[in-house]
Amino acid sequence: MNQPLTLTAAQKAGPKATVIALGLALAVLVAMPLLHLLPAEHALHVSAYTLTLVGKILCYAIVALALDLVWGYAGLLSLGHGLFFALGGYAMGMYLMRQSAGDGLPAFMSFLAWNELPWYWYGTSSFLWAMCLVVLAPGVLAFVFGFFAFRSRIKGVYFSIMTQALTFAGMLLFFRNETGFGGNNGFTDFKTILGFSISAPATRATLFLATVALLAGSLYLGFRLARSKFGRVLTALRDAENRLMFCGYDPRGYKLFIWVLSAVLCGLAGALYVPQVGIINPSEMAPTQSIEAAVWVALGGRGTLIGPLLGAGLVNGMKSWFTVAFPEYWLFALGALFILVTLYLPKGVIGLLRRRGES
């Protein structure tokens, strides 16, 4: 069994170097929202556009980390993590729409001539209930799907196809106006969160810091899991599941736990994405979004924890530039990138850095 690359690299570079690198990255991220609060004419001021863009990328980085836990460690390639991300986003969006509507119905319901809220909207005016939905919606769905999939010992390409079908079905469901989630327009035009203006610099800074905290907490949790007996069982499950079963382990419980944890992390990332970006719609559930997440992990290096964060940053940074400069060529560039990584960087950017460090 291969030891996780992150741990191997940390051992070679020394714990001090790893801590310093992560500390510097954290310091830069914490400084950004503080610089955003400076006057616009100040030389060090960080614009709202930059803060929103980086906040969005950090949310995607959490999704990449969550996918790495199931793909890089447990060997389960999910092509449906966009569904869990969107469910968390919709749960937060329901609360924000209720805040914007006040005592009335959300704007899209009034437009459709609805007279009352659907039953599943009850309680969404409460922030605490909305946060419960952020965790429960992706978590319960992941538990039910994973329970039956792992009990049936579905794995490999069949598991990937089923997860892709799941997110595609979710997208089609949310596109329908009668489901009560805004149809193809989704939710937008948010005004306040917890009584604070959502466009105020202080609110933007707080949401950004919350995203940084979630990313740091997820990374710490990933490191702890990787160093634990649970993490070693996961890597054994990935490399030789039959041998693991022969040793007396039941892989279903391990798979289900990491699968549900990964889904919940995606839901939390979606909940932070929506107030920062200002919109959530069914396109976030498109199968291409989940496939793109797999590209982030593959580019950075799966099974490394740090690599997927780098991959998400690199790909989404390129996407932001490409979609402005050459919008019609972005998907071709993404496909070419995935092919190059598959052929020449099977262990991703982290693997390349590791080889250079050994030479």
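A search of the whole structure, a predicted model, finds 29 aromatic pairs, where rings of Phe, Tyr and Trp (its six-membered ring) pair if their centres lie within 6.5 Å, with planes under 30 degrees apart counted as stacked, over 60 as edge-to-face and the rest as tilted. The ring centres of Phe230 and Phe257 are 5.3 Å apart and the planes stand at 80°, so this pair is edge-to-face. Because Phe230 belongs to helix H9 (residues 229-239) and Phe257 to helix H11, the pair ties together parts that are 27 residues apart in sequence; helices (H or I, at least four residues) and strands (E, at least two) are DSSP runs, numbered from the N terminus. Phe230 counts as buried at 18% relative accessibility, whereas Phe257, at 46%, counts as partly exposed. Here buried means under 20% relative accessible area, exposed over 50%, and partly exposed in between (1.4 Å probe, protein chains only). A tilted pair is formed by Phe322 and Phe326, with 6.2 Å centre to centre and 55° between the planes. Phe322 is buried, with a relative accessible area of 18%, and Phe326 is partly exposed, with 37%.

Ring pairs also link Tyr90, Phe108, Trp119, Tyr120, Trp121, Phe174, Phe181 and Phe187 into a cluster. Leaving aside residues up to four places away in sequence, Phe187 touches Tyr90, Gly93, Met94, Met97, Phe108, Trp121, Phe181, Gly182, Gly278, Ile279 and Ile280, a contact being heavy atoms within 4.5 Å.

Helix H6 (residues 127-151) has 25 residues and spans 36 Å from its first C-alpha to its last, close to the 36 Å expected at 1.5 Å a residue; the expected span is 1.5 Å times one less than the number of residues. H6 bends by about 25° at Leu136, with the proline Pro138 following within four residues. The bend is the angle between axes fitted to the seven residues ending at a residue and the seven starting there. Pro138 is also one of the buried residues of H6, among them Leu133, Val134, Gly139, Phe145 and Phe150. The buried residues of H6 pack against helix H4 (81-101), helix H7 (157-175) and helix H11 (251-277).

Arg153, which follows H6, has a positive phi near 55°. Ala113, in the loop between helix H5 (107-111) and H6, has a positive phi near 65° and counts as exposed at 57% relative accessibility. Leu194 is not a glycine either, and its phi is positive at about 55°; Leu194 lies in the loop between strand S2 (192-193) and strand S3 (196-197). Most residues other than glycine have a negative phi.

The unreviewed UniProt entry annotates transmembrane regions that include residues 256-274 and 329-346; such annotations may be inferred rather than shown by experiment. In the model, residues 256-274 are 100% helix, with end C-alpha atoms 27 Å apart, and residues 329-346 are 83% helix, with end C-alpha atoms 24 Å apart.

Residues are numbered from 1 along each chain as its sequence is written, and side-chain values use heavy atoms, with hydrogens and water left out. For this predicted model, local features need pLDDT of at least 70 and side-chain atom pairs count only at pLDDT 80 or more, while totals for chains, interfaces and linings use all residues.
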